[in-house]
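I opened my notebook to look through this structure step by step. Here is what I looked up, entry by entry.

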Amino acid sequence: MDLDVFVTAHRAEWDRLEQLLGRGRKLTGEEADELVTLYQRTSTHLSLIQSTAPDPMLTGRLTQLVARARATVTGTRRAAWRDAALFFTVGFPAAVYRSRRWWIPTALLSTALGVLIGWWIATHPEVQGAIAAPEHLKELTKPGGEYETYYSSNPAGSFAAQVWTNNAQAAAICLVLGAFLGIPVLWILFLNMANLGVGLGLMASAGRLDVFLGLILPHGLLELTAVFVAAGTGLRLGWTVIDPGPRTRRTALAEQGRAALGMALGLAVVLFVSGLIEGFVTPSGLPTWARITIGVVAEAAFLLYVFVLGGRAARAGELGDVEAADRTATLPTAA
């Protein structure tokens, strides 16, 4: 390619693009269309020059021109910290609020199942014997036994990190596997409630239910709520596979899937707080009432966050999805 001839043929277009970018006023519709066309042409010119006749000065000028034009055409993105702030003050609480018809029943039914399992174990010695030998059960439930020492078995910091990692993985699994008609989510919920029920039943049979509740409630309220939210969202995603509503199944799954991914990020933060409580408050020397109060305050703060901030954002039309500009474009469908 003859670079001089190429520059002579297209310099007027580059100058015109630079002129449009330098306008201090808002462009008219015709000028905006012209800017988009010149931006596309100049991008092509830059690619040709870079691949066939690279010239440092010309390449530098066109690179800067294309970058300015791209910023004008696509708009300037907000700073990452502003996106994060918007997500945690609007997007995430709105997503949790909008899925409340799934996670609240999930929470109530799961809690009832855990309590029922605990009652069954506490009132049936033969079931306790099937769980473990009497000597082992005594080691689990006695003062200073495994149920009590579990929370102080490792340094608080490493224990909190381990708990956070495990719970975040469980929540993420519920969200991701929800697409499989929600069946894996139901199994994960059952395992969680069975573990809780075993602890309730064994400690109740040993007459130490108050000790168990004093250990589980400080962190368990917030932790289980996060798990229930993840499970409810996963079940909602599974139901979308069955009944996508008026949208196409692909569109509905894409919308719910994006919301679920955002939910995973938000719940990771919630579970981080729960992990801190479990690592530093649950095994602390604070009185039982003080530890439980901290757990209740954390749970109440999360519920207020969801139902006040999230409810307000949802009523304003927030879906908990990514911004429209970041979504894959979809073709209109007939009503």
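**Entry 1: α10 and α11.** I started with helix α10, residues 183-205, and its partner α11. Their axes come within 11 Å and cross at roughly 170 degrees. Angles over 145 degrees count as roughly antiparallel. So α10 and α11 are roughly antiparallel to each other. I then listed who touches whom. On the α10 side, the contact includes Val185, Leu186, Leu189 and Met193. On the α11 side, Leu209, Val211, Phe212 and Leu213 are among them. I sorted the contact by class and found 17 nonpolar, two polar and no charged residues.

**Entry 2: the model as a whole.** I noted that this is a predicted model. I checked the confidence next. The mean pLDDT of the protein is 82. In all, 87% of its residues reach 70 or more. Over residues 324-335, pLDDT stays under 50. For that stretch, the model has six contacts beyond four places in sequence.

**Entry 3: the elements.** How many helices and strands are there in the protein? I counted 13 helices and zero strands. Reading from the N terminus on, I wrote down α-α-α-α-α-α-α-α-α-α-α-α-α. The protein has 335 residues, and 38% of them count as buried. I also looked at contacts between residues at least 6 apart in sequence. Of these, 75% join residues at least 24 apart.

**Entry 4: α11 and α12.** I went back to α11, which covers residues 209-242. Helix α12 covers residues 249-281. The two pack at an angle of about 170 degrees, with their axes 9 Å apart. α11 and α12 are therefore roughly antiparallel to each other. By class, I found 17 nonpolar, six polar and four charged residues in this contact.

**Entry 5: α5 and α13.** Next I took helix α5, residues 100-122, and helix α13, residues 288-315. Their axes come within 13 Å and cross at roughly 150 degrees. α5 and α13 are therefore roughly antiparallel to each other. I noted the hand too: α5 passes α13 in a left-handed crossing. Which residues make the contact? From α5, I found Arg100, Trp103 and Ile104. From α13, I found Leu303, Val306 and Phe307. By class, that contact has five nonpolar, no polar and one charged residues.

**Entry 6: Ile294.** I stayed on α13 and picked Ile294, which is found in that helix. Is Ile294 buried, partly exposed or exposed? Its relative accessibility is 32%, so I put Ile294 down as partly exposed. Then I checked its contacts, leaving aside neighbours within four places in sequence. Ile294 is in contact with Val281 and Leu286. I also compared Ile294 with Leu217. The two are 77 residues apart in sequence. In space they are 9.4 Å apart, C-alpha to C-alpha.

**Entry 7: Arg315.** My last stop was Arg315, which also lies in helix α13. Arg315 has 61% relative accessibility, so it counts as exposed. I looked up its separation from Arg98. Along the chain, Arg315 and Arg98 are 217 residues apart. Their C-alpha atoms are separated by 9.5 Å.

Technical notes. Residues numbered from 1 in each chain as written. Predicted model: local features only at pLDDT ≥ 70, side-chain atom pairs only at ≥ 80, totals over all residues. Heavy atoms only, no water. Axes fitted to C-alpha atoms, helices over the stretch in contact; angles between N-to-C directions. Helix = DSSP H or I, 4+ residues; strand = E, 2+ residues; numbered from the N terminus. Parallel < 35°, antiparallel > 145°, perpendicular 65-115°, else oblique. Left-handed = near helix turned anticlockwise from the far one by under 90°. Contact = heavy atoms within 4.5 Å. Nonpolar A, V, L, I, M, F, W, Y, C, P; charged D, E, K, R; others polar. pLDDT = per-residue confidence, 0-100. Buried < 20%, exposed > 50% of the residue type's maximum accessible area, 1.4 Å probe, protein only.
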